[in-house]
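Please read the following report with the model open beside you, and look up each residue as it is named.

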4 protein chains.
Amino acid sequence: MTFQFPDYKQPNFDQEPFLSSPDAQVIVVKKPGVAPEHYHALSIYPEYFKINGDWILATESRMDGVPVLRTDGSVHVVEFRNLNVGDKVIVGRREDGHEGIYVYADGFRSNDTNKDLFAFRSGRSRETAYSMDYNDLYELLKYEKDHGYIVWVLGPAVVFDYDSRQALSTLISKGYAHAILAGNAMATHDLEAALFGTALGQNTYNQQSPPNAHYHHLDLINKAREAGSLKGLIEKEAIDEGVVYSAITNNVPLVLAGSIRDDGPLPPVIADVYHAQDEMRKHTRQATTLICLATQLHTIASGNMTPAYTQKNGEIRPVYIYCVDIAEFAVNKLRDRGSLEVTTLVTNVQDFVVHLRNNLVQTMQDS
Amino acid sequence: MTFQFPDYKQPNFDQEPFLSSPDAQVIVVKKPGVAPEHYHALSIYPEYFKINGDWILATESRMDGVPVLRTDGSVHVVEFRNLNVGDKVIVGRREDGHEGIYVYADGFRSNDTNKDLFAFRSGRSRETAYSMDYNDLYELLKYEKDHGYIVWVLGPAVVFDYDSRQALSTLISKGYAHAILAGNAMATHDLEAALFGTALGQNTYNQQSPPNAHYHHLDLINKAREAGSLKGLIEKEAIDEGVVYSAITNNVPLVLAGSIRDDGPLPPVIADVYHAQDEMRKHTRQATTLICLATQLHTIASGNMTPAYTQKNGEIRPVYIYCVDIAEFAVNKLRDRGSLEVTTLVTNVQDFVVHLRNNLVQTMQDS
Amino acid sequence: MTFQFPDYKQPNFDQEPFLSSPDAQVIVVKKPGVAPEHYHALSIYPEYFKINGDWILATESRMDGVPVLRTDGSVHVVEFRNLNVGDKVIVGRREDGHEGIYVYADGFRSNDTNKDLFAFRSGRSRETAYSMDYNDLYELLKYEKDHGYIVWVLGPAVVFDYDSRQALSTLISKGYAHAILAGNAMATHDLEAALFGTALGQNTYNQQSPPNAHYHHLDLINKAREAGSLKGLIEKEAIDEGVVYSAITNNVPLVLAGSIRDDGPLPPVIADVYHAQDEMRKHTRQATTLICLATQLHTIASGNMTPAYTQKNGEIRPVYIYCVDIAEFAVNKLRDRGSLEVTTLVTNVQDFVVHLRNNLVQTMQDS
Amino acid sequence: MTFQFPDYKQPNFDQEPFLSSPDAQVIVVKKPGVAPEHYHALSIYPEYFKINGDWILATESRMDGVPVLRTDGSVHVVEFRNLNVGDKVIVGRREDGHEGIYVYADGFRSNDTNKDLFAFRSGRSRETAYSMDYNDLYELLKYEKDHGYIVWVLGPAVVFDYDSRQALSTLISKGYAHAILAGNAMATHDLEAALFGTALGQNTYNQQSPPNAHYHHLDLINKAREAGSLKGLIEKEAIDEGVVYSAITNNVPLVLAGSIRDDGPLPPVIADVYHAQDEMRKHTRQATTLICLATQLHTIASGNMTPAYTQKNGEIRPVYIYCVDIAEFAVNKLRDRGSLEVTTLVTNVQDFVVHLRNNLVQTMQDS
């Protein structure tokens with residue numbers, strides 16, 4: 001069975017206020033990195049701009065980015081810090097079309113059915129029933145594996161446990177990851193597990209702390225710095241399993257963004273966080289599914305730069321964002337920060353990843 | 001492979017202070033339900049009392065219960081409220097044998113290995129590696145199924161989700177439960193799911209709230225009260241699946257303790273909480289493994305009445321207590337309340353139960 | 001300044017569908033404790049029933065209770081278990097007036113202002129700004145002290161800390177509590193603190209665990225059982241401070257509901273939970289403000305039986321419910337269980353109670 | 001009353017194994033940023049190295065940093081990435097003096113008293129009694145104000161609420177902060193509150209979201225980028241209150257470290273996280289008290305670089321670290337990452353900061 005997207009209903013611009021609304025206004029950037037007053041900022045939804053009488057969609061989007069009209073009539077979305085003098089920024093904050101700007105939140109939505117005045121349990125929490133979400137995700141990932149671009153956003157906890165680290169490695173090597181966004185800690189502890197069997201000094205299986213194991217992550221980093229690259233380290237130390245190993249041997253791009261918590265860091269970690277954002281966005285702009293596991297920092301960072309839709313060859317499809325964390329607060333935060341179309345699961349990411357592996361990879365073997 | 005218990009090392013009473021210590025002292029109860037001053041109270045560990053020159057173990061134990069010397073020389077452990085006038089209560093609070101009382105915490109323990117001054121991650125949290133705990137539990141339950149007494153302590157969340165409700169029902173019908181302790185809500189929502197497909201008004205699979213679904217749990221309770229018993233309800237409504245159904249059809253005792261949160265209640269719910277404690281203790285005193293899922297109230301209640309060991313035909317073996325909850329605070333609380341020998345897993349019980357079913361029941365089918 | 005309630009806007013029944021709707025239908029109870037099919041169940045909101053052509057309000061309400069028409073034409077709300085044979089239960093589940101039943105949720109509500117398509121941070125969490133909620137509560141309590149009925153619902157944690165226990169005792173003795181609903185643990189540890197300085201074995205100020213302090217709560221309970229009543233205990237042991245002491249000496253009713261977690265219990269603890277519900281409801285039906293601190297069990301139990309309004313001498317005013325807990329999940333649960341009009345604060349109850357004392361009692365001394 | 005530190009007990013090196021142990025060994029760095037094998041890494045405790053027969057303390061410390069012997073015989077602690085070719089790194093991992101390295105964890109500790117086999121509630125949680133910790137902190141801060149170096153580490157939540165933002169601003173202007181470590185979000189939302197009354201679009205007092213308020217933080221950042229500096233922004237927009245304003249006008253250094261979550265960023269935010277670490281460490285190496293509020297990222301980063309002691313003019317005193325967060329997991333994490341000597345408080349930082357202001361500043365006014 002092929003996974004079915006909801007159809008995208010194109011907005012009908014053959015009606016008011018769209019017909020008689022003016023073209024979107026632009027004002028030119030005077031100072032690098034500073035937008036003109038009344039600049040428009042993007043949401044996660046498709047946004048149309050009236051340019052030369054036509055309603056066009058931005059070529060790609062990013063929440064809180066600024067729309068810039070190019071000379072070819074296309075609209076690009078640019079971060080504040082990347083605005084250049086002379087850029088024509090679209091201005092205006094009405095979202096309903098009257099100012100030549102239209103934010104279209106309902107493109108994928110079916111009509112809501114009638115609802116009671118009251119229903120229990122409207123929020124999503126540890127007590128939400130997740131069976132359907134799991135099943136949907138299994139179907140989605142089988143489809144995306146060959147037709148989409150799956151981006152994983154990983155906190156270090158996912159490599160602290162033997163089974164979940166193995167499961168994630170398997171998913172990567174079976175083609176279920178097209179890019180991985182993480183930080184120094186995830187890569188460090190994954191490689192520490194490969195070399196020493198521990199993550200932050202504790203055995204990933206038997207929970208023991210061997211003598212001097214609190215040196216392991218530092219030793220690992222030091223060896224990697226000596227080797228000069230993760231690839232070099234893997235060769236030198238004959239590492240043959242794990243998340244980093246699977247990513248590198250399967251040519252899955254691995255963006256490691258630096259943070260002030262980092263030891264080391266490992267060689268490929270990007271020290272400049274805004275440069276890291278640019279590297280992350282290279283993948284989130286292609287993403288068709290984003291799966292964020294147990295990291296508030298990377299999840300909100302990635303969520304902010306992932307729109308609710310993507311377009312390819314003129315076709316528009318939804319982008320699916322999953323956020324898995326054991327704390328309601330953490331998963332709600334992504335939503336509270338504007339990523340409204342996220343599916344949240346409140347559980348331990350260890351169990352989540354193992355379920356995915358069991359249902360995706362073993363199903364494949366059976367068939 | 002058969003699951004291996006740690007051997008119980010009998011304490012060596014052929015040494016001081018045990019040899020020259022006096023018999024345990026007793027004082028007679030004067031007022032019903034009131035212990036004499038300096039009464040001794042039990043811990044979760046095996047406790048020996050010197051009676052007529054011999055060190056004997058209480059026939060069974062309960063934390064915070066009071067040891068009562070019977071005329072046959074045996075020691076029974078009695079709750080305060082169950083003390084009768086004339087009961088001979090053992091008094092004394094030294095635990096080291098000098099007063100004829102010996103608390104023996106190390107019976108199952110192997111010698112600790114040397115440890116570093118410092119190790120990371122000493123507590124158990126969402127970031128603890130649970131692979132080994134899962135594997136140990138799988139082996140344990142395979143053994144206990146035929147040789148032990150597995151008591152489940154269930155919060156309602158475990159029946160809110162389609163897969164976990166199915167998984168738990170399957171485990172029960174396959175022999176992995178010898179008793180179930182829960183409250184009105186678990187049974188209500190399980191039966192609501194059987195009859196209406198919802199739990200507290202929300203579909204356990206598709207997360208929808210059908211019109212007037214907030215009446216479902218009340219309707220279910222009303223129907224059960226009409227039927228007069230759960231068995232009657234199941235027959236009348238032709239219910240053929242679920243936790244309550246599986247328990248009843250497989251003759252697994254189901255103790256439902258009342259609470260002030262209850263609607264209804266269902267017919268078999270025990271209104272008097274101390275009577276409910278007595279009914280619960282009938283099963284915890286037989287328990288060899290106790291698995292507590294997503295309920296602080298029932299977990300701490302059951303944990304309090306489950307000792308760390310059990311004896312049968314003169315043999316002493318450990319009792320395994322598992323506590324699974326999504327909040328570190330909840331699982332730590334059981335430990336903070338004196339149940340020191342508990343294995344805690346911090347995750348969503350939905351995933352936990354599904355893992356158990358997948359590993360226990362499918363393994364069986366394969367072989 | 002006097003605290004200002006929102007006015008209650010009486011529903012306008014001089015319009016359709018109210019004018020031409022039929023009287024509410026009743027069906028007679030056939031079996032004790034069982035409602036007829038299609039019984040109506042109450043929400044937290046005011047509900048009107050058309051009786052003999054007039055729309056009348058139930059004399060008092062309780063969520064999930066059943067409306068019973070009395071021979072004098074009044075409507076009483078009765079729990080399922082309290083239904084008697086012959087009771088005339090109002091049936092029907094349309095809430096819009098067409099069946100003679102009208103659920104009126106907007107009585108205290110001002111008109112909503114227009115809202116943006118999107119706003120950040122719509123939920124309430126640890127990051128919600130609570131300054132206004134605190135100030136409103138201070139004003140409310142100053143008013144309620146003399147004109148309302150303030151019911152406190154207390155988990156044990158509030159007496160674990162020196163300052164918060166003192167603060168709460170002061171609030172009680174200064175008239176800020178008209179009833180207290182709690183369990184065995186709150187009273188036990190409060191009295192333990194009065195007698196031994198500890199709560200569950202730990203000093204409430206210096207956090208030390210004195211030798212054998214894990215006996216303290218058992219000793220306290222045993223002494224209370226010996227004394228036969230809390231009043232007797234207080235006299236015998238010359239206890240002169242604390243929550244229980246302040247309640248008893250100020251004639252503030254203290255309802256202690258039993259639970260399966262209880263040690264002991266203390267003499268006045270109610271063993272039968274449904275009897276306990278009846279005793280609790282005696283106070284919640286009078287409540288004008290309900291403040292629930294750090295207890296899921298008692299909070300949801302009390303919240304379920306407290307409607308969003310109260311009427312006295314024909315006047316209808318809102319009932320204010322506050323729920324304070326350190327976990328978003330806990331405070332959201334009350335809302336998810338139907339208590340929609342609750343104000344939640346996510347913080348440690350220790351700090352909350354101390355703030356209240358500092359702002360209410362010290363303000364009084366200044367003036 | 002003057003705050004009393006525990007005396008530092010100098011280790012007694014006039015005994016074995018110290019007398020006959022060899023000098024600490026060094027190995028020279030061959031590759032920049034890479035330590036020689038068997039390098040030693042520092043803990044949070046004082047560590048002594050035997051150099052030319054004398055036991056000397058490192059001039060300052062940093063957990064996981066590497067000790068480098070300088071030509072003047074002093075030992076400096078250097079991050080891996082800052083190691084230069086030719087640096088003499090001390091090697092060896094025995095901590096007991098036998099290899100010329102001695103980790104001294106007990107310098108400030110009084111002798112432990114005897115403990116029971118069992119005590120309830122050994123961990124710190126929401127239920128820990130915090131009264132003493134608050135009182136100790138009040139006394140400490142009064143002393144540190146004039147004699148120490150108080151470093152605040154701030155997550156954005158502390159400026160989301162009206163009262164806590166005011167309280168913190170007051171503490172800064174009254175001299176209770178010597179440095180502030182934070183990120184782009186804290187400064188952005190504090191200045192947003194100053195200019196628009198909102199934090200991330202929500203009014204910090206009345207919780208309303210004004211129209212288009214989700215533009216406020218972007219507008220604020222854009223204005224700051226236009227102004228070119230926070231000082232310039234404050235002047236241009238006539239900002240006269242808040243955390244950033246109070247810091248700048250009172251010459252309290254404000255280090256803003258970049259992260260991948262950042263919008264903007266504000267002009268002074270440090271894009272390179274390792275450069276940010278260097279700037280942060282300038283303050284943590286002077287810190288005598290560190291107070292971390294509601295930020296895992298900055299708390300662990302700062303905690304990692306703050307040792308348990310500081311030395312000045314040959315005197316050694318403890319460094320006090322406080323970590324306040326509403327989640328047990330968050331405060332335990334700092335401890336699990338090696339910052340063992342931290343005092344944790346589990347509460348909402350809003351209440352914490354208001355308590356501090358009320359007790360420190362109002363006390364001052366009274367006297």
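The contact between chain A and chain D takes 51 residues from chain A and 51 residues from chain D. Everything described here belongs to a predicted model, and the values should be read with that in mind. About 4500 Å² is buried between chain A and chain D, and carbon and sulfur atoms give 51% of that area. Within the share that chain A buries against chain D, Tyr215(A), Ile260(A) and Arg261(A) supply 19%, which is more than any other three residues.

Two salt bridges are found across the interface of chain A and chain D. In a salt bridge between Arg93(D) and Asp219(A), the closest N and O atoms are 2.7 Å apart, and this lies inside the cut-off of 4 Å that is used for such a pair. Across the interface of chain A and chain D there are also 24 residue pairs in polar contact, with both residues at pLDDT 80 or more. On the side of chain A that touches chain D, the elements that give two or more residues are helix H4 (216-227), helix H7 (273-284) and helix H8 (296-304) of chain A.

Which residues of chain B supply 19% of the area that chain B buries against chain C? The residues asked about are Tyr215(B), Ile260(B) and Arg261(B), and their 19% is more than any other three residues supply.

Across the interface of chain B and chain C there are two salt bridges. A salt bridge joins Arg93(C) to Asp219(B), with 2.6 Å between the closest N and O atoms. The interface of chain B and chain C also holds 24 residue pairs in polar contact, both residues being at pLDDT 80 or more.

| Chains | Buried area | Part on carbon and sulfur atoms |
|---|---|---|
| Chain A and chain D | about 4500 Å² | 51% |

The same surface serves both copies, since 100% of the contact residues of chain A recur in chain D.

Chain B can likewise be laid on chain C, by a turn of 180° and a shift of 0.0 Å along the axis, with an RMSD of 0.0 Å. Of the residues of chain B, Asp272(B) comes closest to the rotation axis, with its C-alpha at 2.1 Å. Here too the same surface serves both copies, and 98% of the contact residues of chain B recur in chain C.

The last topic is the sheets inside the chains. In chain A, four strands form an open sheet with antiparallel pairing, and their order is S1-S6-S4-S5. Strand S1 (25-28) and strand S5 (75-78) are the edge strands of chain A, each pairing on one side only. From one strand to the next, the twist averages 45°. Strand S4 (residues 66-69) and strand S6 (residues 88-91) of chain A pair in the antiparallel sense over two bridges, and the bridge partner of Leu69(A) in S6(A) is Lys88(A).

In chain C, four strands also form an open sheet in the order S1-S6-S4-S5, with antiparallel pairing. Strand S1 (25-28) and strand S5 (75-78) of chain C stand at the edges with a single partner strand each, so one side of each is left without a neighbour in the sheet. Strand S4 (residues 66-69) and strand S6 (residues 88-91) of chain C run antiparallel and are joined by two bridges, and Leu69(C) has Lys88(C) as its bridge partner in S6(C).

Key: Residues are numbered from 1 along each chain as its sequence is written. Chains are lettered from A and ligands numbered from 1 in the order in which they are written. This is a predicted model: local features need pLDDT of at least 70, side-chain atom pairs count only at pLDDT 80 or more; totals for chains, interfaces and linings use all residues. Side-chain values use heavy atoms; hydrogens and water are left out. Two strands pair if DSSP finds at least two bridges between them. Axes are lines fitted to C-alpha atoms, for helices over the stretch in contact, and angles run from 0 to 180 degrees between N-to-C directions. Contact means heavy atoms within 4.5 Å. Buried area is the accessible area (1.4 Å probe) that two parts lose on being put together, summed over both. A salt bridge is a side-chain nitrogen of Lys or Arg within 4 Å of a carboxyl oxygen of Asp or Glu. A polar contact is a pair of N or O atoms within 3.5 Å; within protein, one must be able to donate a hydrogen and the other to accept it, and residues adjacent in sequence count only if both atoms are side-chain atoms. Copies are superposed by least squares on the C-alpha atoms of residues with pLDDT of at least 70 in both.
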